[in-house]
Amino acid sequence: MVSQASQRMLSDGMSPFSTPAGKSVLSTRSRFQEYQPLGVLQKLPDVANKTNDIENIDADIFTSVSAYGRKSCDIHSRLCAVTVCGANAEIKFTIPVGKLFTYELMRETFQNDFEPLSKLFAGRLYDDPMIFKCNRQNYPDLPEWLRFTQRHPYDNGFLYGTPVTPGRSTIEIYAINKRSYETARHILVIKVAAERILPYQAEFFIKLRDIEKVLPSTVQTEIKKDTERLWQTQTLSIINITNALDRGGRVPLPLGGHFEGVYVKVGSEMFFSECLQRVLKPEHQEQCASGAEVKVPGECNFCGIASNCITWCKTELFDLSVPVLPPPVPTMGSGILEDGGYFNPPESPPSRDYFPDYIVTVIVPLILAIILCSLLAYIMCCRREGVNQRNAKTDHIQLYHHHTILGNTDELRVMAGNRGIPGLPLSTLPMFNSRTGERASPLQSDSPSIPLIMAQHDPYSATLPRK
């Protein structure tokens, strides 16, 4: 399946990599830029004065476009195969050392990879939530200088950072569609070239911004214009952008008007302006240390947008024009310590008597425990009045009544236990109901289901005969 851009170009009667008759190379370049998908940041080189075929253009540009093609097509040439057929082609960048690199992961670009036919035939446009996973190829994480941020699945992602050493990094970008759970893979090749570090740098703190709101190129241009007017120069470059949370800042409340804050570092070949040099004055540092509001002169306030205003007390200047001398190299000796005489060991400490500590720690708590146990035993055992003393103090009639109840209870228990034994005299069994006068059958008298006292069976019946 050919990409949408290639289909449009072929339908116009032209090859994606050949100049049609009667048209200049410049017009072909403008048409190619029209078909260039969103998110490819490479620009075609200036070939206005060239009359040769467009196939002489650097193949890296077509390779960057090939990430948006599909897998099946007719191979016209090597560049055609790379451009239209490459599903996992590389997007290449060459950036200098010490300059900010920003790459926006456009959801629209990956949406075309997920649903390419829906736009051509069905006419449906999806806006699926996506999350991005980025890592260095064959490694679990990104390079140490590169960071990634995405606030919400409906937002674009950003890769940003400042390289410090030359080299080459291959980044794998995986997009996960949260609606269909499809995945798409792009390859980003970043080549870092060596370049001279800017000698004069300044770092500003923007309080009313979040990191994902500063990374778009339009916002960076606004901040750059404000700092250029403050620096009084047009040769200014953004070196780094850092989230305040990465510098130890506090997480703001999830309310309107609360932001994380962003540190923006810029650099230039020109020395600092007079407004920036105010930061180094002792009066300014005293005001910031006391917590008082710093009054900025009118000629130093170049904040065009309120959300881009800087915090002067957190502004720092770095002068890298004077090279920092490295620490002296340690001298290598022979490896043998110098003779310092005989070693005189310290005297042993004086002897110490631990018996008082033993008495305080062990003996005293033990004696207290014995005294408390003895007191408790005396209260529990020796203070009881006893059965004889209790009976001597109790009235005789009350004692007789108590013993009678106990005796009757024991007798009833013995009689209840002997009811199931055959051969007992019928005199020990109930013969009639005292209320109704009905006699019980002797054959049923031995059943244990008949209660000994009828009041237990019928609690509302009277126990005495009626007159």
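**Salt bridges**

I started by counting salt bridges, and there are 10 in the structure. I keep in mind that this is a predicted model. As background, side chains of opposite charge can pair when their charged atoms come close.

I looked up Lys99 first. Its side chain meets that of Glu195 in a salt bridge, at 3.2 Å from N to O. Lys99 sits in the loop between strand S1 (90-96) and strand S2 (101-105), while Glu195 is in the loop between strand S7 (183-193) and S8, so I noted that the two are 96 residues apart and the bridge links distant parts of the chain. Is Lys99 buried or exposed? Lys99 counts as buried, because its relative accessibility is 17% and the cut-off for buried is under 20%. Glu195 is partly exposed, at 41%.

Next I went to Arg185, which forms a salt bridge with Glu172; their closest N and O atoms are 3.1 Å apart. This pair also links distant parts of the chain, with Arg185 in S7 and Glu172 in strand S6 (residues 167-177), 13 residues apart. Arg185 is partly exposed with a relative accessible area of 24%, and Glu172 is buried at 10%.

Then I checked a pair inside a helix. Asp226 and Arg229 meet through their side chains in a salt bridge of 2.4 Å, N to O. They are 3 residues apart in helix H8, which means about one helical turn separates them. In general, an α-helix has 3.6 residues a turn, so residues three or four places apart point the same way. Asp226 is buried at 11%, and Arg229 is partly exposed at 40%.

I also found a network of salt bridges that links Arg151, Glu212 and Glu260.

**The sheet**

I moved on to a sheet of 4 strands. In what order do the strands stand? The order is S9-S10-S8-S11, the sheet is open, and the pairing is antiparallel. S9 and strand S11 (316-319) are at the edges; each has a single partner strand, so one side of each has no neighbour in the sheet. On average, neighbouring strands here are turned by 20 degrees against each other, ignoring direction.

I went through the pairs one at a time. S9 and S10 are antiparallel and pair over 7 bridges, and Ile241 stands opposite Val264 in S10. S8 and S10 also pair in the antiparallel sense over 7 bridges, with Phe205 opposite Tyr263 in S10. S8 and S11 run antiparallel too, joined by 4 bridges, and Ala202 has Leu317 in S11 as its bridge partner.

How many residues of S8 are buried? I got 7 of its 7. Both faces of the strand are covered: Tyr200, Ala202, Phe204 and Ile206 are buried on one side, and Gln201, Glu203 and Phe205 on the other.

**Helix H8**

The buried residues of H8 are Val219, Gln220, Ile223, Asp226, Thr227, Glu228, Leu230 and Trp231. What covers them? The cover includes S2, S8, H7, S9, S10 and H9. Just after the helix, Gln232 takes a positive phi of about 65 degrees.

**The cores**

As a general point, nonpolar side chains in soluble globular proteins tend to be buried together.

The largest nonpolar core here has 27 residues, and Trp231, Ile241, Val264 and Val266 have the most contacts inside it. Among the elements giving two or more residues to this core are strand S8 (200-206), helix H8 (217-231), strand S9 (236-243) and strand S10 (262-268). Another core lies apart from it, with 23 residues, including Tyr103, Cys134, Leu142 and Ala184.

I picked Val264 to see what it touches. Leaving out neighbours within four places in sequence, Val264 is in contact with Ala202, Glu203, Phe204, Ile206, Ile223, Ile238, Asn240 and Ile241.

**Whole chain**

Last, I noted some totals. The protein chain has 15 helices and 11 strands, and 32% of its 467 residues count as buried. Of the contacts with a separation of 6 or more, 67% are between residues 24 or more positions apart.

Conventions. Residues numbered from 1 in each chain as written. Predicted model: local features only at pLDDT ≥ 70, side-chain atom pairs only at ≥ 80, totals over all residues. Heavy atoms only, no water. Core = buried A, V, L, I, M, F, W, Y, C linked by side-chain atoms within 4.5 Å. Buried < 20%, exposed > 50% of the residue type's maximum accessible area, 1.4 Å probe, protein only. Contact = heavy atoms within 4.5 Å. Salt bridge = Lys/Arg side-chain N within 4 Å of Asp/Glu carboxyl O. Pairing = 2+ DSSP bridges. Axes fitted to C-alpha atoms, helices over the stretch in contact; angles between N-to-C directions.
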